[in-house]
Amino acid sequence: MDYILSLLIWLPIIGMIVVAIIPREKEESIRITAAVTTGIQFLLTLILWYDFDSQDGSMQFKEWAEWIPSFNIAYHLGVDGLSLPMVVLTGLLFFIGVFVSWNIKKAVKGYFALFLLLNTGVMGVFLSLDFFLFYIFWEVMLLPMYFLIGMWGGPQREYAAIKFFLYTLFGSVLMLVGILGLYFACGKTFDILELTRIAPLALDGMLWWGISAIKVIWVLLFIGFAIKVPVFPFHTWLPLAHVEAPTAISVLLAGILLKLGVYGIIRVNYGLMPDGVYWFSTALAFLGLINVVWGGLCALAQKDLKKLVAYSSVNHMGYSLIGMAAVVAAGEANGLNMKAAQAGLGGAVFQMFNHGTISAMLFILVGVIYERAHHREIEGFGGLASQMPVYTGITAVAFFAGLGLPGLSGFISEAMCFIGAFPVFKGIVIASTIGILLNAAYFLWAFQRIFFGELNDKYSDLPEINKLELFTVIPLLLITLFFGIYPSPYLDIISSTMDSIINHVISLSTYASM
Amino acid sequence: MDMHIQYSLFILFLPLLAFLIQIFFGKRLPRQGDWVSISAIFTTLFFALIMFISMLTNYNPDFKQEASFVWLDMGEFQIRLGFLIDNITIIMLLIVALISTCTHIFSIKYLEDDIRYSRYFAYLGLFTFSMNGIVLANNLMSMYMFWELVGVSSYLLIGHWFEKKSAANASKKAFLTNRVGDIGFFIGIMLIYNAVGSFAFSDVFSGVSSGLIAGTTLTIAGLGLFMGAMGKSSQFPLHIWLPDAMEGPTPVSALMHAATMVAAGVYLSVRIFPILTPDALLLVAYVGGFTAFFAASIAITQSDIKKVLAYSTVSQLGYMILAVGTGVYTAAFFHLLTHAMFKANLFYGSGSVIHSMHHALHKKHDHHTDPQDMNNMGGFKDKMPITYWSMLLSTMAIAGVPIFSGFLSKDAILAGTLSFAQHNPQHFLLAIFGFGAAAITAFYMFRMMFLTFHGNPKIPDLIDDIHESPKEMTGPLILLGGLSFFIWYTLPNYNPFSTYGWFTDLVKPMNAVVPGNMTAEEIEAGAHHAHYLAMYVSIGVAAFGIFLSWLFYIKKGLSAEVWAKRWGFLYDWSINKYYFDENYDKYIYQPTLRLAEKIAWIDWELYDKYFINGFGRLINWVSKISGKIDYDFIDQIIVDGTGKAASLFGRTFKKIQTGKLQNYVLYVTAGVIILMVIQSF
């Protein structure tokens with residue numbers, strides 16, 4: 001299993017080639033190929049989880065090979081407690097995504113080929129330890145996403161796709177500038193581990209046009225990642241893309257692609273610019289607050305269920321941002337509060353995973369009802385609880401998970417984010433607890449309008465959720481429940497890595513000199 | 001493992017098991033699986049009784065067992081979950097198990113033929129599990145978690161008949177109003193954890209006594225936690241959800257919205273009493289006292305039998321909170337105990353009446369007459385003797401008639417309040433609230449009894465079809481009616497005028513850990529001193545209230561209609577619940593929704609369509625202009641005029657001026673990079 005990471009990345013490409021060879025009429029074979037490919041990949045991620053040494057906070061399963069020596073670019077892979085859960089989540093959601101896409105009618109071959117290409121891109125970003133490689137994979141994701149939304153989406157798909165593309169490209173370009181800035185400022189290397197060692201010292205005190213280089217690069221990279229998260233005010237591509245994208249793509253978009261933003265900020269911004277963390281932490285927490293409140297209020301006003309769920313992502317990622325900011329609590333200025341830093345960063349990373357499963361579940365459930373009723377107008381339903389009791393029950397659990405009910409995983413990570421950030425950002429945290437109420441308000445109000453009341457006669461023959469749909473949603477539900485009751489297996493995996501990130505940020509920041 | 005811990009594990013998890021069985025298999029089991037839930041709850045009751053009996057035989061006021069485990073571990077940051085079992089816990093477990101058992105039994109007939117019969121029993125199990133979780137919690141975090149779960153079971157059970165819009169609205173309202181309180185609860189938890197570094201009650205107490213958190217911060221933290229209690233115990237101004245919660249089935253109202261769940265707020269206040277500062281306590285006292293009086297003044301005009309009881313519950317919870325605020329927090333818990341029994345019974349009684357009304361109306365195919373409206377009742381006394389006598393006993397208890405349980409517990413609260421007012425004459429209002437509410441309570445409770453059971457039937461042709469309820473329903477009525485007598489709470493003493501007995505022996509007030517607060521002895525001495533005066537006054541006001549009620553509704557010496565007119569605006573306020581729902585709707589809900597719509601509009605129509613897309617349009621425009629310059633000016637005039645070589649250059653240049661956004665961004669980028677490279681060398 002020395003090359004397990006490479007296998008994870010390139011396996012979907014092999015699947016894609018097989019899909020490309022299969023004649024386009026054999027749709028069933030294409031689907032099965034995609035299912036087998038992602039299935040194997042998911043199993044491999046589980047093996048990786050099993051073999052992972054959770055006591056070790058550094059990179060594991062590393063692979064290194066020379067690639068473009070003249071620019072010091074290498075094929076460098078590795079996994080740690082920050083990326084491992086995301087890798088497993090990627091494996092799971094792509095596998096589930098195949099079954100969510102099972103009923104796609106149009107151009108099946110093209111769809112699954114792009115789907116698998118996307119898979120490679122996502123896996124690659126999480127596993128790359130070379131900035132150049134990271135960027136390549138980052139761009140590789142963009143292309144299939146553009147086509148998947150633009151060709152298989154809803155009525156406004158082209159507009160949504162181009163908007164998504166330009167928005168993200170804008171972010172990528174800023175990111176590229178940031179990466180190149182780092183490359184030249186830190187002894188011409190793209191290696192992330194090496195940069196993590198060098199950059200904090202090399203950038204210290206460096207000025208560009210009279211501005212601290214750290215601030216410049218921090219902002220460039222932050223905007224690049226913030227668009228993915230999405231952080232207010234870079235979030236408007238998200239509701240549109242979600243509403244137009246086919247269900248499976250919404251699932252992946254919310255479940256994994258948004259996490260790339262948070263992942264990138266922690267991996268790159270936190271790793272390479274610890275000073276920037278201090279400089280930016282208040283802004284980060286404040287942006288989190290805006291995400292929570294703005295996203296929550298927007299969700300409350302939505303009439304389209306899918307858009308509501310999309311805005312709930314904006315709202316939920318806000319908690320992650322607040323939690324991330326808590327890292328500074330461990331610094332001397334804030335009383336070396338390691339408890340708070342662990343709670344906050346751990347909560348933020350846990351929230352990424354939990355939002356990944358919960359929002360995936362929500363989008364699948366929206367897809368189920370859309371498939372039957374051919375619309376998503378919240379007001380257009382009513383009384384479905386008596387018609388589709390199983391669907392209602394599952395949706396209830398998903399909604400309650402979304403509103404942060406204890407016993408379901410979302411609660412723990414949200415609570416950790418709050419508790420962690422509280423010592424340093426009291427006002428911001430207190431203000432953002434309004435999210436506790438907003439979440440409940442928009443989910444329960446929507447739930448009432450869709451499921452309660454007298455059954456709308458139009459829907460008296462709406463079929464119950466079927467076995468295939470259950471198969472896609474039940475695993476996510478069980479995960480949500482499992483980690484809600486027993487979060488230790490997850491937190492054990494990440495905690496050593498979280499400690500090394502916190503220590504890294506704290507020990508290498510010399511904020512005063514910036 | 002200690003016996004208490006083991007039994008508690010059973011008590012906690014058996015109802016959860018029943019919930020799981022019911023939710024997945026209930027419909028397929030014989031009798032829709034009600035026997036699964038009922039056997040689980042009986043076993044729970046059995047274990048609770050054993051613990052209770054062992055408490056009585058050991059007779060140790062300082063009994064305490066604690067057990068916990070690390071639930072979540074990040075290294076330094078840990079959350080431990082665990083049990084705290086002392087005498088308060090044991091009594092509370094018995095209350096929950098007993099009332100829950102009665103509710104299960106009562107529901108067999110009450111919900112017979114209900115379309116979601118098994119679902120209903122499943123949710124009862126979920127509730128019992130969550131409630132016991134609150135009771136057993138040894139730390140704030142697990143309490144908060146079960147607190148929310150209780151909220152969900154309440155949501156599900158209030159919305160049991162979700163086809164009715166009013167039920168669906170009520171369930172949502174209950175959950176959201178509670179969440180408002182929970183925000184405070186969570187902020188309180190964060191403030192305390194931030195200072196003390198632990199969630200466990202014992203650590204919090206020692207942390208406060210060693211001054212880790214003090215002054216205003218402690219006051220705010222305490223009030224934050226109390227805000228949670230206000231939500232759950234339906235205290236002003238978060239009282240609005242409880243009356244609406246009556247949309248749920250009546251046995252649920254008895255269990256959750258009278259006896260146990262709403263008492264969780266009081267339970268929390270009792271648990272955190274030692275860390276409440278004098279300022280916090282004063283506010284607590286005012287909230288409780290005002291709620292007691294205010295809710296009573298609404299109950300007086302309601303005609304829906306369940307609404308009367310609902311406002312009465314709000315008012316009685318206010319009493320308990322008042323007791324916590326004035327320092328006699330064991331009296332609050334004592335009242336919680338006696339109130340749980342007689343108020344659950346009153347709800348069962350009302351359920352019995354409604355059940356009978358419902359069947360009588362059904363028989364006549366009348367689906368318009370409201371079976372809960374007391375204006376449609378009257379003269380049921382002889383038709384439903386068990387219900388009548390049982391309810392009468394509980395009514396005497398709540399009205400504070402001697403030899404009944406409520407007299408003792410209410411007296412203990414009023415003595416504490418009076419003593420507080422004597423020591424702090426500026427807060428005499430609290431005593432007025434307390435005694436005033438006592439008088440009103442006696443009045444409206446007897447009004448309810450008179451309107452329902454006495455006088456002439458208001459719908460004469462209905463009375464023949466009114467029958468006593470089946471024994472599944474009268475059983476709990478007989479049991480809890482009997483438990484309205486004082487003797488059960490004072491054994492081994494027989495003096496009906498003294499609270500002294502097993503309860504006062506086993507539940508001793510703890511000293512506050514806040515430096516400078518009054519000690520338990522001082523508070524007790526004060527209450528003891530005020531005891532006789534409080535007792536005389538409370539007997540007096542109760543008698544006055546009952547007499548007035550008799551005068552109005554039996555003797556008809558005074559006409560309710562005339563008095564309602566005479567006090568027109570007060571009557572109007574009361575019957576309309578002081579227009580709280582209307583005003584909240586007008587000044588809170590609607591503006592929030594409008595704000596949300598405004599924000600969504602700004603986000604989508606303004607910011608995205610104009611700013612973000614405008615950005616795109618701007619670049620488009622720039623690229624068109626530059627394309628024009630490129631072709632018309634550079635190419636046509638300069639390039640063409642400077643020969644072949646230059647023309648070649650021009651064409652190459654034109655190629656990259658594609659007008660595509662990506663390319664432009666790339667060129668900008670390249671420029672920046674070059675600048676950076678220059679800078680870094």
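Biologist: In which loop of chain B does B:Pro237 lie?

Modeller: In this predicted model, the peptide bond that runs from B:Phe236 to B:Pro237 is cis, with omega near 0°. As for its place in the chain, B:Pro237 belongs to the loop between helix H8 (215-232) and helix H9 (241-244) of chain B.

Biologist: What is the omega of the cis peptide bond that joins A:Val229 and A:Pro230?

Modeller: A:Pro230 is found in the loop between H8 and helix H9 (237-244) of chain A. The cis bond that joins A:Val229 to this proline has an omega of about -10°.

Biologist: Are H6(A) and H8(A) roughly parallel or roughly antiparallel to each other?

Modeller: Helix H6 (residues 157-185) and helix H8 (residues 213-228) of chain A pack with their axes 8 Å apart and at an angle of about 150°. Angles over 145 degrees count as roughly antiparallel. The two helices H6(A) and H8(A) are therefore roughly antiparallel.

Biologist: How do the residues of the contact of H6(A) with H8(A) divide into nonpolar, polar and charged?

Modeller: The crossing of these two helices, H6(A) and H8(A), is left-handed. Among the contact residues are A:Gly171, A:Gly178 and A:Gly181 of H6(A), together with A:Val216, A:Leu220 and A:Lys228 of H8(A). By class, the residues of this contact between H6(A) and H8(A) come to 13 nonpolar, six polar and one charged.

Biologist: Which residue in the turn of the hairpin formed by S1(B) and S2(B) has a positive phi of about 105°?

Modeller: S1(B) and strand S2 (residues 78-86) of chain B pair in the antiparallel sense over nine bridges, and B:Lys64 has as its bridge partner in S2(B) the residue B:Asp86. The hairpin has four residues between the strands, and the residue in the turn with the positive phi is B:Gly75.

Biologist: What is the phi of A:Phe61 near?

Modeller: The place of A:Phe61 is in strand S1 of chain A, and strand S1 (residues 60-68) pairs with strand S2 (residues 73-79) of chain A in the antiparallel sense over six bridges. In general, most residues other than glycine have a negative phi. A:Phe61 is a residue other than glycine with a positive phi, and the value is near 55°.

Biologist: Which helix gives the most to the side of chain B that touches chain A?

Modeller: The contact takes 53 residues from chain A and 49 from chain B. On the side of chain B that touches chain A, strand S1 (64-73), helix H5 (140-158), helix H6 (165-196), helix H24 (580-639) and helix H26 (661-680) each supply at least two residues. With 14 residues, the element that gives the most to that side is H6(B).

Methods:
Residues numbered from 1 in each chain as written. Chains lettered and ligands numbered in written order. Predicted model: local features only at pLDDT ≥ 70, side-chain atom pairs only at ≥ 80, totals over all residues. Contact = placed C-beta atoms within 7 Å. Pairing = 2+ DSSP bridges. Axes fitted to C-alpha atoms, helices over the stretch in contact; angles between N-to-C directions. Parallel < 35°, antiparallel > 145°, perpendicular 65-115°, else oblique. Left-handed = near helix turned anticlockwise from the far one by under 90°. Nonpolar A, V, L, I, M, F, W, Y, C, P; charged D, E, K, R; others polar.
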